[in-house]
Amino acid sequence: VKDPSSQRYEVPLPGGTPQTEAYTQDVLYTTEYQHDPFGFVVQRKSNGRVLMNTTVAPLLFADQYLQLSTTLASSLVSGLGEHYTPLVLDLNWTSLTLWNRDMAPHADANLYGSHPFYMVQEEDGFAHGAFLLNSNAIEVMLQPTPALTWVSTGGILDLYIFLGPDPQSVIRQYLQVIGYPMMPPYWSLGFHLCRWGYATSNATRMVAQRMHSANFPMDVQWNDLDYADKRRVFTFDPMRFGDLPEMVQEFHKEGMKYILILDPGISSTSPPGTYPPFEDGVKRDVFLKNATGHILIGKVWPGPTAFPDFTNPEARQWWEDCIRIFYSKVPVDGLWIDMNEPSSFVQGSVEGCPDNELEKPPYTPRVVGGQLNSGTICMSAQQKLSSHYNLHNLYGLTEAYATHSALMKIQRRRPFVLSRSSFPGIGRFSAVWTGDVRSDWEQLRFSIAAVLQFSLFGVPLVGADICGFEGNTTEELCVRWMQLGAFYPLMRNHNDKPNAPQEPYVFGQKAQAAMRSALNLRYSLLPFLYTLFHHAHTSADTVARPLFMEFPTDPNCLTLDQQFLWGSSLLISPVLEQGAVELSVYLPAGTWYHLHNGQPFHSNGQYFQLPAPLETINVHVRAGHIIPQQEPALTTAASRGNPFFLTVALSTSGRAWGDLFWDDGLGLRTFETHNYCYVTFTAGQSQIVSDPLNLSGALASLLLGGLRVFGVSSPPLYVVANGKKVSDFTYQADIKVSPGLVLTLTSLALPMSNTFTVQWFP
């Protein structure tokens, strides 16, 4: 819906919008239009259900106020992030504002990202979605009718409707519009450790050493702003971090990676001739201007700062040049772009903002601070493409695009970028984390819904700060958070300056053992996790998956967000309550095996009371699936050379299937250029067969070292691998539920790049 008489601002998604074909035949919907007053109705063709009906309230279309209402097909609505909410939203006369803001997660607040997309679970397993491509400040009113009202403060009404018909198809259709997620480097799926307050390079080194000395797997050491000279980006402190380049080289020699923080605010008060990023930026005219055409100055960590305009191609080139010069001294492996809402410690600018309708629009959605320029820069600030009023919600996305592009050109390998602020499409360029969470049990619980929402938003590489960022953690909370965090797609422990330390090695031996076990479990599952990311990148599948996406017709799964899946086959049920040593776990209908010991559970879609002592996280494998695993090590550089093993969870008919995607872990476009290996594993009739599609040498010299088969129906007399008898096998039949046999084979040495067959004979 546009204004025919004047050109209005429209959202420019960076990197272009992927083109989708318009289908004219076999559509899943019918539409009706009403001209006066304007409205439309969308119905699902198969059952006549009304998915959208905007005739229930008038359309309002003014310069700074656009309003569209619709009925909803059910009360099960998810999305409209980023907010501190359950996975399924409360429709009882609530409102959600989409306006990017540096704000620690809590209820009823607009947070770091804006995602004007929602999905509705209809009855009978159907689902549909809607996306309003609009980057202005948006308020969404929800009511129990059920109905919803969009209010935007600018732009046009550019509404996409996705017919599914199932939840996973809705997400795939949404990602066809905003773009499929990037393929992460393999090492980025390892464990990351960070805090604000590693005050020197030696203190930073010591952290990594203590982790590995205590046998904790860890891939990436991070530094917060401690490294920077006077808190200015693109510098490092000559006294405290004088040997930063050497430290990074040492990490690299040990098979580790290094990431540091990069804020967008560029210090504007350094003595002339001492800080090239600002002076060069002024020369090249890359900074946001205020209404009078001068560089807008806000205030962030280094004091007065200017803000790059990432919608300006010259600013993107300048940013790349700054990163290139810094990288030539400090060869970082990734960049952490924080404070990019953008955040500023003064309202608007150091000089305030003009008194006009951009700063004080006729209608201001409910935002923290009461004004659009609270905690950020002036709305009338000028950017290359439009006013900041229109572009504010895109600031983090445009910075992520610029940073991803710069790293790709400089490193010539798969970039790793972590952004705090987000908008639809950011998953193509960046990972996201959920910001300054508090160290408490409620925030631990809510982090699952936050991670699952980003899955729906096309950002699979996401996690919360493990053990919490604000406030002091406790030993028990940190153990439970490490166990849950081992199943965040992005696993990073991060802490604020004033708080008690929360690195795994500071706790008691029992807590350390529990954390080590969670880390080793994650590292053993990385081949499986990496394969899920491949499917996310190529087919828009979800990685961390809400149960309702996999079991859309199961009424018990509709609102479940205390458990979640990895892909379709691994169910994670973390402890989320203080003092709990047992857990009520919902298992959807079918057979599930405990990943640890193969104990089978035959469920009719019911809850099971399971033991969950401190050292345990309950993870179940779904019957019919094969999980590729690898012996863990202290880094992925080491674990990637270790033997693989398979966990085979047989269905009641004795069948299972799984796959493995494998490449060098860091090359650009390996899938698109056919520079990868892909292996499928099929079990049936008492045998497992692999079928490798070898398009690169990535699997050469790697071996299958063993396998576990859950649900074998009777004790095998002998086992044959590639036609040769295997002496080294065991089975256990002491589990009380049948079929409770677990067949375990160790000390195999079957080349992964060739077909193999393993058979067992009763």
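1. Let me start with C353 and C378, which are joined by a disulfide with 2.1 Å between their sulfur atoms. Please keep in mind that this is a predicted model. The torsion about the S-S bond is -90°, making the C353 and C378 link left-handed. Both C353 and C378 sit in the loop between strand 19 (334-337) and helix 6 (388-391), so the bond ties together parts that are 25 residues apart in sequence.

2. The two ends of this link deserve a look at their surroundings. C353 has 27% relative accessibility and is partly exposed, because buried would require under 20%. C378 has a relative accessible area of 2%, so it counts as buried.

3. Next comes the disulfide between C467 and C478, with an S to S distance of 2.0 Å. Here the angle about the S-S bond is 85°, and the link is right-handed. C467 belongs to the loop between strand 22 (462-463) and helix 9 (475-485), while C478 is within helix 9, 11 residues apart. Both of these cysteines, C467 and C478, are buried.

4. On the overall pattern, the structure has 2 disulfides. Counting the bonded cysteines of the chain in sequence order gives the pairing 1-2, 3-4.

5. Finally, two further cysteines to find in the viewer. C322 is buried at 8% relative accessible area. C677 is buried as well, with a value of 1%.

Notes. Residues are numbered from 1 along each chain as its sequence is written. This is a predicted model: local features need pLDDT of at least 70, side-chain atom pairs count only at pLDDT 80 or more; totals for chains, interfaces and linings use all residues. Side-chain values use heavy atoms; hydrogens and water are left out. A disulfide is a pair of cysteine sulfur atoms within 2.5 Å. Helices (H or I, at least four residues) and strands (E, at least two) are DSSP runs, numbered from the N terminus. Buried means under 20% relative accessible area, exposed over 50%, partly exposed in between (1.4 Å probe, protein chains only).
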